[in-house]
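Reader: Hello! Could you walk me through the ring contacts here?
Author: Gladly, let us look together.

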Amino acid sequence: MKTPFIDLHTHPAMKPLGRSYYRNQGENNANRNAKDSLWYYDPPTLLDKATNIVTTLTKFRQADFTSLAKSGAEIVFVSLCGLEKGFVVNKLGTHLVGDAVANLVTGLGKKRIDHVQNMSDYFSDLEMEYHFYLQLEGVKYKVDGDWYQYKIVSSFAEIDKEYDPDVKTIFVILSIEGAHAFNGGLQLAGRTINKKEILTNVEKVKNWDRRLFFMGLTHHFYNEMVGHARSLNAKVSKFCNQKDGMDEGFNALGWDLVRRLLDNTNGKRVLIDLKHMSVKARKEYYRFLANEYPNEIIPLIVSHGAVTGLRSFEEKVEDDLFNFGKFQPDDINFYDDEIIKVAKSGGLFGIQFDERRVGSETVLKKTGPNLTRRKMLFHKSKMIWNQIQHIAEVLNRHDMFAWGIQCVGTDNDGMVNPLNGFWTAEDMPVFDSYLEKHAYNFIASAQSDNLKSYNKMTASEIVERFMHGNAYHFLRKNF
């Protein structure tokens, strides 16, 4: 069983690139049975699943291209994401104990971690990951009796054209997570940020053979340009300090960076992903767009986010009576007034499949490990439905179309704690069927009575939009 879907945020290369350090650094192995291949299939064992439930660690593969092929994935946005030194040069040091913790958390392998600890150039790491994807583009592999390939595309026209009918193609769109990739935030390597180097590297990326469509400006640690939101839980924060730059806004170089990315010369604009930016930085960015682009609507993108359920950062009030207390209020998640901004901009809101982000502590306890598999699948998928429904109700209250921005943004293979039961991309068809149950229950209940007439849709229409349609139409218009 396959379900066509589009995923706005994945990290297929993170683990195989790390494993390439045990053979040929940066080489994408054409042998699909090798751990340093993008096609290496490593579904979770029962022990893997139990380990994840108990420890939240995810060392199995989630978004390898074999799993993507098995699931029916049509388009995946791959996030180029150089591992930040703050993860591996931490309070435990750079030797055995520190390495062991970092390896346990990331599953990347000690050699990759040693490299990140010693390197002083994030940009070369970014270019290596970019080339890692290029190496096996167009190479065909047989999965469950059918031939598959992936193709990195630079426009919607490339997606819309006809290809060999005997080979199924997974389309890949490039994004970046964190402007540290241009060589910011290298204080731990003894380097000071250099404006000329940053902007030169931006131009190099904008002139790649394959187009960068959007990028997040921040990730977990300060890049000396834009402030980030707190993202690490209390356990990890004991070892990794992300306080420097946290909750700060833009500095002058940060604005230079944004202007260069948004420059649409030759149609090479790079859109901005709001995820991981501090609330202060997000607010500054909204004002920047209003002041510097008053006659243009630039889409706002949340590639892998979740809602707080609160009206705004200033008014921490829950207006959603049906889902009261079900959301995680940390300000890395998004407020209702921001949901409205995304919709007004014609943007997208990818919902992250990470238990730590999409549900409150109360919800997580209720959906804990002591459930039958069927109940677990029902309750874990309901956590995503709660997000979809909340966004819809916010937009409906403001007389807007309710179902047009929500889409899939799993963050698979990005060090997430996946929804139990929906471990990898291969589980997306099952997720689709459970999501439709929740949509049907909502539409058939009194909860949907307040929907405007133009927001009354069938369950299957709502789910198709979330899984595929919204992102597809966005690409047709903007890519």
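Reader: The charged end of which residue sits over the ring of Phe334?
Author: Welcome to a predicted model, where local features need pLDDT of at least 70, side-chain atom pairs count only at pLDDT 80 or more, and totals for chains, interfaces and linings use all residues. Residues are numbered from 1 along each chain as its sequence is written, and side-chain values use heavy atoms, leaving out hydrogens and water. A charge sits over a ring if NZ of Lys or CZ of Arg is within 6 Å of the ring centre and within 35 degrees of the ring normal. At 4.4 Å from the centre of the Phe334 ring, the residue is Arg282.

Reader: How many aromatic pairs does the structure hold?
Author: Rings of Phe, Tyr and Trp (its six-membered ring) pair if their centres lie within 6.5 Å; planes under 30 degrees apart count as stacked, over 60 as edge-to-face and the rest as tilted. The number of aromatic pairs in the structure is 26.

Reader: What is the angle between the planes of Phe60 and Trp423?
Author: Both residues are buried, meaning under 20% relative accessible area, while exposed is over 50% and partly exposed in between (1.4 Å probe, protein chains only). Phe60 and Trp423 pair edge-to-face, 6.3 Å centre to centre, and the angle is 80 degrees.

Reader: Why is the pair of Phe87 and Phe221 edge-to-face?
Author: Phe87 is buried, with a relative accessible area of 8%, and Phe221 is buried too, with 9%. Their ring centres are 5.2 Å apart, and the pair is edge-to-face because the planes lie at 90 degrees.
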